[in-house]
Each structure stands twice: as structure tokens, then as C-alpha cells.
Amino acid sequence: MKLILAPMEGVVDFQMRQFLTDLGGFDLCVTEFIRIVDQLLPPRVFFRYCPELNQHGKTRSGTSVRIQLLGQEPHWLAQNAVRAIELGSHGIDLNFGCPAKAVNKSRGGAVLLKDPEIIYAIVKAVRDAVDPAHEVTAKVRLGFDDDSLSQEIFDAVASANASSIAIHARTKKDGYRPPAYWEKILPLKAQKSLPVVANGEVWSVDDYQRCKLRSGCTDVMLGRGALAQPDLAKEIAMSNINQPYKPLEWKDLLLQILESGMHSCGDKNSQYFASRTKQWLAYLKLNYPEAVTLFEDIKRLHENAAVLEIVKGHANIG
């Protein structure tokens with residue numbers, strides 16, 4: 001039973017992957033997507049998106065990281081996949097689920113769900129190019145405007161010999177509006193042996209159990225739920241071995257954030273920690289009422305140092 005940290009563009013970057021995996025529970029992380037157009041990208045691009053390549057492709061806590069690629073040209077995706085593997089990525093993930101209008105307009109992400117034949121061509125090209133010892137996976141949604149092509153999408157990925165498929169159980173049109181239709185995953189996998197990872201609307205241990213039951217999947221991907229409760233993966237992992245676990249309280253979470261060093265990194269950007277903390281609090285307030293007060297105290301601040309002092313105050317550190 002694997003728990004995978006979802007790729008979330010502009011949110012789950014190196015610092016966040018490092019923090020969340022430090023707390024435990026995750027078996028794999030997937031990076032934000034690297035956009036591939038018509039060239040083989042230089043190594044520095046891969047290192048920018050995935051600094052874990054400097055650590056043998058693993059986070060500080062030892063969790064493997066997989067680079068995700070997004071594009072529509074099979075040849076160039078295959079070439080860049082080979083380079084990512086050579087640099088140390090633990091497999092390759094292909095993005096067919098991003099709903100962003102700018103991405104879809106340039107024929108990337110979820111718009112490809114309209115054409116399962118292109119999905120097949122991309123997955124096959126990458127699978128053929130990458131050494132069989134390394135996994136090639138795909139992340140999809142149930143469809144674009146509706147789920148009428150969901151079986152064709154699934155079969156395209158399976159027929160191209162992907163290692164597994166992660167299914168966000170909503171269409172592009174659904175966006176991130178609840179519910180996630182976990183039950184629609186079950187019939188897709190009935191006739192195929194392709195391993196499936198269920199994704200969408202897992203905010204708690206109870207959600208996780210319902211997701212597994214309705215989807216028929218043993219592997220689950222966590223996204224926004226892990227941002228709202230950073231130790232959710234740890235709680236789920238402990239429940240899977242029938243061990244008690246007490247989720248982090250607010251003060252303990254703040255101490256973990258401070259100890260993680262998130263405030264001292266971030267591309268040497270003096271506003272990184274400030275902006276990311278404000279962004280993150282929008283998720284944390286779903287689980288921690290105290291996050292609302294912290295946001296009010298920092299919302300007009302822009303420098304890391306200023307925000308850091310406020311966070312320390314809320315953690316009762318002088």
C-alpha cells in the first residue's frame with residue numbers, strides 16, 4: 001500500500017516535498033511538471049525543478065522523487081525522459097491531468113485527454129526510450145468535458161506498457177470541486193493488470209479508507225489533503241499497521257516548520273518563505289483554526305525575516 005505525494009504546480013516544490021516527507025508516511029514524491037516543447041533541456045533545468053537529484057534523487061528523509069514531464073511531442077518527451085533518468089530521477093511521470101488554461105491552450109496536460117491516441121504515442125515513446133529497470137507512469141483525469149473517453153484513456157496508457165497510472169477521479173471540467181468519483185475508477189481497471197493509484201479528495205484517514213474501498217485501489221496519492229494536514233500520510237501509514245497516532249497540534253507543527261529550515265532556503269529569495277507561508281495557510285486553516293490568526297498577522301509582510309519572527313511568536317519562541 002503506497003502513499004504518493006501528488007505533484008501540485010506552484011505549491012509542492014523542493015522545500016515542501018522535503019518538509020512533508022520529513023514528517024513521514026510517503027513512499028514517493030512527484031515533482032511539479034517540467035514543460036517539454038521541441039528540444040532536449042539542459043541538466044540545469046532538471047536540477048532546478050528537482051534539487052533532490054543532488055541527493056541521489058531522494059529527499060532529506062530518503063523518500064524517492066520522480067520527475068514529471070508535460071508536453072505533446074513523443075520524441076522530445078522521450079529524449080528528456082532519458083536525460084532525467086540519467087541525472088538520477090526515480091522513474092518518469094507523464095502529466096495528462098493539468099487543468100490550467102494556459103497549459104491546455106498550448107496542447108499540454110488535460111487537453112490531451114480528448115485524444116487517447118496521442119496519450120498512447122507519448123507513453124509508448126517514453127516507455128521504449130527509458131530503460132525497463134525504471135518506471136514510467138502517467139497521471140490522468142477521468143476525461144476533459146466528461147468521462148465518456150475514460151476507458152479509452154486508461155486502455156491507451158495500459159497498452160503503451162506504462163508501469164502504473166494515477167487517476168484523479170474528476171474530469172478537467174470538474175476541476176477541484178468535490179466530490180471525487182472514486183467509484184468510476186473500479187470498472188476501468190477491471191479488465192487490465194495495470195496498477196492504479198487513486199487520487200482526489202483524500203483529506204483524512206476515513207477518506208483514505210473510503211477511497212480504497214470505492215476505487216478498488218491499494219495505492220493512493222495525496223495532494224491538498226497533505227497540505228491541510230501535513231502529517232496525514234504519517235497518520236494513514238500508522239493506521240495501516242494498526243498503530244495509534246496523535247496528529248500534530250498547531251504549536252508542534254510550527255516548531256516542525258521552524259526546524260525544517262524552510263525559511264532559510266528557497267532559491268535565495270528573500271520573499272520565498274513569506275509568500276509560501278501565506279499561500280500554505282489557506283490550506284492549513286482547513287485543519288487548524290489558528291492559521292487564520294497567523295495569516296492576519298503576516299498578510300502585509302513580504303520579507304522572510306519579518307514573517308519568521310511572527311511565526312516564532314506564534315510558536316512561543318523568543
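## A first look at an eight-stranded barrel

Welcome! In this structure, 8 strands close into a barrel, with parallel pairing in the order β1-β2-β3-β4-β5-β6-β7-β8. Neighbouring strands of the sheet are turned by 30° against each other on average, ignoring direction. This is a predicted model, where local features need pLDDT of at least 70 and side-chain atom pairs count only at pLDDT 80 or more, while totals for chains, interfaces and linings use all residues. Residues are numbered from 1 along each chain as its sequence is written, and side-chain values use heavy atoms, leaving out hydrogens and water.

**Strands and their partners**

- Strands (E, at least two residues) and helices (H or I, at least four) are DSSP runs, numbered from the N terminus; two strands pair if DSSP finds at least two bridges between them.
- Strands β3 (residues 64-70) and β4 (residues 92-96) run parallel and are joined by 3 bridges; Gln68 has Asp93 in β4 as its bridge partner.
- Between β5 and β6 there are 5 bridges, again in the parallel sense, and Arg141 has His168 in β6 as its bridge partner.

**An enclosed strand**

- Because 5 of the 5 residues of β6 are buried, this strand is largely enclosed by the rest of the structure (buried means under 20% relative accessible area with a 1.4 Å probe, protein chains only).
- Ser164, Ala166 and His168 point one way from β6, while Ile165 and Ile167 point the other way.

**Helices around the barrel**

- Helix α1 (residues 14-23) lies across β1 (3-5), β2 (28-35) and β3, at about 170° to β2 (axes are lines fitted to C-alpha atoms, for helices over the stretch in contact, and angles run from 0 to 180 degrees between N-to-C directions; contact means heavy atoms within 4.5 Å).
- Helix α6 (residues 150-159) has buried residues Ser150, Ile153, Phe154, Ala156, Val157 and Ala158, and their cover includes α5 (116-129), β5 (136-141), β6 (164-168), α7 (185-188) and β7 (196-199).
- Just after α6, Asn161 takes a positive phi of about 70°.

**Cavities**

- There are 3 cavities of 30 Å³ or more (a cavity is a set of points on a 1 Å grid over the protein atoms alone where a 1.4 Å probe fits but cannot get out, and lining residues have an atom within 4 Å of a point).
- The largest cavity holds about 60 Å³ of space, the volume being the space filled by probe spheres set on the grid points, which are joined across faces, edges and corners.
- Helix α12 gives the largest share of the lining of the largest cavity, 5 residues.

Terms used. On a 1 Å grid over the protein atoms alone, a cavity is a set of points where a 1.4 Å probe fits but cannot get out, and a pocket is an open set with protein on both sides within 12 Å along at least five of seven lines; lining residues have an atom within 4 Å of a point. Buried means under 20% relative accessible area, exposed over 50%, partly exposed in between (1.4 Å probe, protein chains only).
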